[in-house]
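This report describes a protein chain together with its ligand.

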Amino acid sequence: MQLPIKRVLIANRGEIAVRVIRACRRLGIDSVAVFSEVDRDALHVRMADYAVCIGAPQPEKSYLNMGRIIEVAREIGADAVHPGYGFLAENAHFAGYVEDAGLIWIGPPPRAITDMGDKVKARAIMKRAGAPIVPGSDGPIGDEDAALKEATVAGFPIVIKAVAGGGGKGMRVVNSPNDWHSSIETARREAKGAFGDPSVYWEKYILQPRHVEIQILADKNGKAISLNERECSIQRRHQKVIEESPSVVVDADLRKRMGDAAVAAAEACGYVGAGTVEFLVDKDRNFYFLEMNTRLQVEHPVTEWVTGVDLVAEQLHIASGVEWTPPDISHAPFGHAIQFRIYAEDPQNNFLPSPGTITTYNAPQGPGVRVDSGVYRGAKIPIFYDPMVAKLIVWGRDRNDAIACGMGALEEFTIDGVATTIDFHRQVIRHPEFIKGNTTTDFIDKYFDFSPPSDRMDDNVKRAIAVAAALYARRKAERQAPLEVSGDTTASAWAVDGRLRATRRWPGVI
Ligand code: MV4
């Protein structure tokens, strides 16, 4: 279908800008990239139909520079703005300015962004919509002693969260009533520092939960559908690392109930477009509303694969205002998809960002493999932005098949020049508890040790490792000796690389 949107400005960079450009191209829409001074040679700039420099590398001077972005959109004749995720995606002011400038905002109404950004208000809206919420306060904590009485009835441990928070920032777990007042004080201070608002609220703390979220799509007439769940429990410091769909703990009945709750939530806040309702699922498979993310998410490709829906194309269609028929997903979930986020970070050095130039970039290919990336061989990774360089998404007929596909694809993936988390993923995907599906939110802390190897080895272990290394070096030399066949032979560069890599297994697995 020909949409009335003809030219979209993408207020973002990296893989998500590339993702939106691809959707535009497929729909016959012009794409306009914006870029900072360090991103002149970035992939999104090369791929877009038009590209405009919007300022200095610091995000406030470029990708967060609302006035400049809107000015560029008008000058270049864009009729819509897609914010991607991060940067301005959940900035209700920006959404409003875009609309005031006569442009189409490819996202939810500013009001829905504001309401869901206030976590206490979000709880109230969800409660009214009939979605289960975590037992907790009905408003911001005022009288601390009165709140303590209520919390004691709910039962410790309790978690204090920032009203303006989200994503785990400013969270404080309280194990005993004795720590109540001091924890509130600390949480308030952190909330004030991080969000400029010291308001906090409390919830009962759910132990060893899973993070399961529902993707929704809603149109301007209040028609909303669920596109099933993603499980995102494998996280590190509130950063998602691996996401999958379907979730091993969600059966058809739970999927229906969570989907219905998410749809009710979307309708209750007047949602339009693509959004995500996050839930915690406890060990008894009770689910509780956590937060609503009013944007396209990093992990959207796993949903795309098991539903067959292009979520960005749906966003563009809904935003254009053309009559929208919800996609039929009665066949879904079809198979199983898993996404691995590849960061330019060094797992052996506390996951410190590793900026630099990519000297080798061999992305996996083949059946069941999708790579959404913002880089190429020779690309520079600047220090100024999120260090995620690529997402590997794999598909299989079932979870084990997807894991097998992931193992092969991760072996194939070679990035040199910067440290990456590829090898860390190779370890996770082989872990028996991951394979069994025991993916609770404490998975990484429980099974991976990030202390330097030297700190957790006694002298006997160090000696054993020295001997093994010497033995290994000899075996490797033998293996790489020319093959005993007639004619001219050379070792495949890929095979040699694979053999070398087999020795570079990251040593942090317990
Ligand atoms: C919780 C919780 C347990 N109980 N709330 C962390 C991120 C933010 N979105 C909310 N988070 C949590 N809220 C209650 N009432 C545990 C977490 C949590 C968590 C949630 C999802 C994925 C990973 C997590 C890691 C630690 C804590």
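In the classification used here, Ala, Val, Leu, Ile, Met, Phe, Trp, Tyr, Cys and Pro count as nonpolar, Asp, Glu, Lys and Arg as charged, and the others, Gly among them, as polar. The structure is a predicted model. On this basis, the shell around the ligand comprises seven nonpolar, six polar and five charged residues.

In total, 18 residues surround the ligand, and the closest are Lys161, Glu203, Lys204, Ile206 and Glu291.

| Residue | Protein atom | Ligand atom | Distance |
|---|---|---|---|
| Glu203 | polar side-chain atom | nitrogen | 2.9 Å |
| Lys204 | polar backbone atom | nitrogen | 2.8 Å |
| Ile206 | backbone N or O atom | nitrogen | 2.9 Å |

The ligand taken alone exposes 520 Å², of which the protein buries 92%.

Four strands each contribute at least two residues to the shell around the ligand: S6 (158-162), S8 (200-204), S12 (273-281) and S13 (287-293). In terms of domains, at least three shell residues come from domain 2 (135-204), and at least three from domain 3 (210-447).

Turning to the overall fold, the protein chain contains 17 helices and 22 strands. Its radius of gyration is 24 Å, close to the 24 Å given by the globule rule for 510 residues, so the chain is as compact as a globular protein of that length. The C-alpha trace of the chain spans about 75 × 60 × 45 Å along its principal axes. Of the 510 residues, 54% count as buried.

Methods:
Residues are numbered from 1 along each chain as its sequence is written. This is a predicted model: local features need pLDDT of at least 70, side-chain atom pairs count only at pLDDT 80 or more; totals for chains, interfaces and linings use all residues. Side-chain values use heavy atoms; hydrogens and water are left out. A residue is near a molecule or strand if one of its heavy atoms lies within 4 Å of it. A polar contact is a pair of N or O atoms within 3.5 Å; within protein, one must be able to donate a hydrogen and the other to accept it, and residues adjacent in sequence count only if both atoms are side-chain atoms. Accessible areas come from the Shrake-Rupley method with a 1.4 Å probe; for residues, only the protein chains shown count as cover. Domain bounds come from an automatic or database domain assignment. The radius of gyration is taken over C-alpha atoms; the globule rule is 2.2 Å times the number of residues to the power 0.38. Buried means under 20% relative accessible area, exposed over 50%, partly exposed in between (1.4 Å probe, protein chains only).
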